Amino acid sequence: MRIDVVTIFPAFFDVLEVSLLGKARATGLLDVHVHDLRDFAHDRHRSVDDTPYGGGAGMVMKPEPWGEALDAVAAAAGAARPTFVFPSPAGERFVQRTAREFADLPHLVFGCGRYEGIDERVFSYAATLGDVRLVSLGDYVLNGGEVAAMAMIEAVGRLVPGVVGNPESLVEESHEDGLLEYPSYTKPATWRGYDVPEVLLSGHHGRVAEWRHEQQVARTRERRPDLLAE
C-alpha cells in the first residue's frame with residue numbers, strides 16, 4: 001500500500017518511523033511519503049492561505065498549492081487510482097469498518113487542512129483525479145488534520161497483512177464484531193488483592209469463550225449502548 005500525506009507540518013509524521021508502522025515501512029509493506037504543501041507555493045513567503053470570500057474569521061487554504069500537490073501525488077502512483085482522504089469535522093465518521101475499507105485500497109492520500117479549512121474547489125478538483133472522502137474522527141474540532149490523519153494511518157496500516165505479527169489479535173479487538181473488547185489479564189493471578197476471574201484459570205476453552213462474549217456484551221451495553229442499537 002502507498003500512503004501520501006500533504007501537510008504544512010511534515011515533521012509531525014516523523015512518528016511513522018517507529019513501532020510497527022516503522023517496521024512496515026522498513027520492510028516495504030507500507031510505502032509512505034510525506035509532502036510539505038509549502039513546496040507547491042511559489043511566492044517568496046510560501047503562502048498557502050488567504051482571507052475568505054464573504055468575510056469571516058480566520059484564513060482559508062488556497063487552491064493553487066493544493067492543486068499542484070494533488071497532481072504530484074496522483075502522478076507518483078502511476079496507474080493506481082488514489083483515494084483522497086481529507087480529515088474534516090464536516091465529514092463522515094471514521095469507524096473500524098472505514099479502516100478495513102481503506103486497508104484494501106492501493107493508494108491513500110491524506111490532505112491535512114489547517115486554519116478554517118481548504119477551499120471547497122479543491123475537493124471537486126481532487127474528484128477528477130481519484131475518489132474523495134471527507135472523514136471525521138468524532139464530533140469535535142482539532143487545530144488541523146494532522147492528528148486525525150495520523151490516527152487513521154495507524155488504524156488502517158495495522159490492518160495491512162503482515163504489519164501486525166499475530167493476525168488473530170486483529171479479530172478479537174474492539175469494534176471488529178460490533179462490540180467492545182473483553183477485559184484482559186496476565187500473571188500474577190493475584191495482585192494487590194485483585195484476582196483474575198476464575199474462569200480464565202480453568203483451561204476450559206468453551207467456558208472462556210462464553211465468558212468473554214458475555215463481558216463484551218455487558219461492557220458494550222454499559223459504555224457504548226449505541227453500538228448495540230446499531
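This is a predicted model: local features need pLDDT of at least 70, side-chain atom pairs count only at pLDDT 80 or more; totals for chains, interfaces and linings use all residues.
Colleague: Thanks! Which side chain meets that of arginine 2 in a salt bridge?

Modeller: Side chains of opposite charge can pair when their charged atoms come close. A salt bridge is scored when a side-chain nitrogen of Lys or Arg is within 4 Å of a carboxyl oxygen of Asp or Glu. For arginine 2, the partner is aspartate 4, at 2.6 Å from N to O. Aspartate 4 is buried too, with a relative accessible area of 0%.

Colleague: How many salt bridges does a search of the whole structure find?

Modeller: The search finds 11. One of them joins aspartate 36 to arginine 46, at 3.8 Å from N to O. Aspartate 36 sits in strand β2 (residues 31-36) and arginine 46 in the loop between β2 and β3 (49-50), so this pair ties together parts that are 10 residues apart in sequence. Aspartate 36 is buried at 16% relative accessible area, whereas arginine 46 is partly exposed at 32%. As for the element names, helices (H or I, at least four residues) and strands (E, at least two) are DSSP runs numbered from the N terminus.

Colleague: And with which residue does aspartate 226 form a salt bridge?

Modeller: With arginine 224, the closest N and O atoms being 2.9 Å apart. Both residues are partly exposed: aspartate 226 at 31% relative accessibility, arginine 224 at 27% relative accessible area. Elsewhere, salt bridges that share partners join Arg2, Asp4 and Asp31 into one network.

Colleague: Now the greasy side. How many residues does the largest nonpolar core have?

Modeller: A nonpolar core is a set of buried Ala, Val, Leu, Ile, Met, Phe, Trp, Tyr and Cys residues joined through side-chain atoms within 4.5 Å. The largest one here has 27 residues, and Phe13, Phe94, Phe110 and Ile153 have the most contacts inside it. The elements giving two or more residues to this core are β1 (2-7), α1 (19-27), α3 (96-103), β6 (107-111) and α5 (146-157). Helix α5 provides the largest share, 7 residues.

Colleague: With which residues is isoleucine 153 in contact?

Modeller: Contact means heavy atoms within 4.5 Å. Setting aside neighbours within four places in sequence, isoleucine 153 is in contact with Ile3, Val5, Phe13, Leu16, Leu21 and Phe110. There is also a second, separate core of 19 residues, which includes Leu37, Ala74, Val109 and Ala126.

Colleague: How do I read a helix such as α1, and which of its residues are buried?

Modeller: Look down the axis and ask where the buried positions point. In α1 they are Leu21, Gly22 and Ala24. These residues fall within an arc of 160° (taken from the directions from the helix axis to the C-beta atoms), so they line one face of the helix. That buried set packs against α5. On the other side of α1, Ser19, Lys23, Ala26 and Thr27 are exposed. Just after α1, glycine 28 takes a positive phi of about 90°.

Colleague: Which residues of α3 are buried?

Modeller: Gln96, Thr98, Ala99, Phe102 and Ala103.

Colleague: Last one: what does threonine 220 touch?

Modeller: Not counting residues up to four places away in sequence, threonine 220 touches Leu179, Leu180, Pro225, Leu227 and Leu228. Threonine 220 lies in helix α8 (residues 205-223) and is buried, with a relative accessible area of 0%.

Notes: Residues are numbered from 1 along each chain as its sequence is written. Side-chain values use heavy atoms; hydrogens and water are left out. Buried means under 20% relative accessible area, exposed over 50%, partly exposed in between (1.4 Å probe, protein chains only).
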